[in-house]
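This briefing goes with the structure shown below. The points are grouped by topic.

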Amino acid sequence: MTDAQIGLAVATPIIIGFAILLYRMGVLQRGGTISAVLASVAIATILFLGQ
């Protein structure tokens, strides 16, 4: 794994965790949280496979 792939593997769960935390705090609605998680996973997958 390259450094970029390791960075993606570390950053994506942090982004997902942050989105869930914001949802639990009441800052994000359910739809916004789901979109943030799906977008994060999609972007990470595309970038991970593109490396």
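Which residues form a nonpolar patch on the surface? The patch consists of M1, I6, V10, I14, F48 and L49, which together have about 630 Å² of accessible area. The model is predicted, and its secondary structure comes to two helices and zero strands.

**Overall dimensions and surface**
- Along the principal axes, the C-alpha atoms of the protein fill a box of roughly 35 × 15 × 10 Å.
- The protein has an accessible surface of about 3,800 Å², and carbon and sulfur atoms account for 73% of that surface.
- Of the 51 residues in the protein, 16% are buried.

**Helix pair**
- Two packed helices are described by the angle between their axes and the distance between the axes.
- Here the axes of α1 and α2 come within 9 Å and cross at roughly 180 degrees.
- Angles over 145 degrees count as roughly antiparallel, so α1 and α2 are roughly antiparallel to each other.
- On the α1 side, the contact involves Q5, L8, T12, I15, I16, A19, I20 and Y23.

**Nonpolar patch**
- Both α1 (3–25) and α2 (30–50) supply at least two residues each to the patch.
- The largest share, three residues, comes from α1.

Note on methods: Residues are numbered from 1 along each chain as its sequence is written. This is a predicted model: local features need pLDDT of at least 70, side-chain atom pairs count only at pLDDT 80 or more; totals for chains, interfaces and linings use all residues. Side-chain values use heavy atoms; hydrogens and water are left out. Patches are made of residues with over 30% relative accessible area and no salt bridge: like charges are joined within 9 Å, nonpolar side chains (Val, Leu, Ile, Met, Phe, Trp, Tyr) within 5 Å. Accessible areas come from the Shrake-Rupley method with a 1.4 Å probe; for residues, only the protein chains shown count as cover. A salt bridge is a side-chain nitrogen of Lys or Arg within 4 Å of a carboxyl oxygen of Asp or Glu. Helices (H or I, at least four residues) and strands (E, at least two) are DSSP runs, numbered from the N terminus. Buried means under 20% relative accessible area, exposed over 50%, partly exposed in between (1.4 Å probe, protein chains only). Axes are lines fitted to C-alpha atoms, for helices over the stretch in contact, and angles run from 0 to 180 degrees between N-to-C directions. Angles under 35 degrees count as roughly parallel, over 145 as roughly antiparallel, 65 to 115 as roughly perpendicular and the rest as oblique. Contact means heavy atoms within 4.5 Å.
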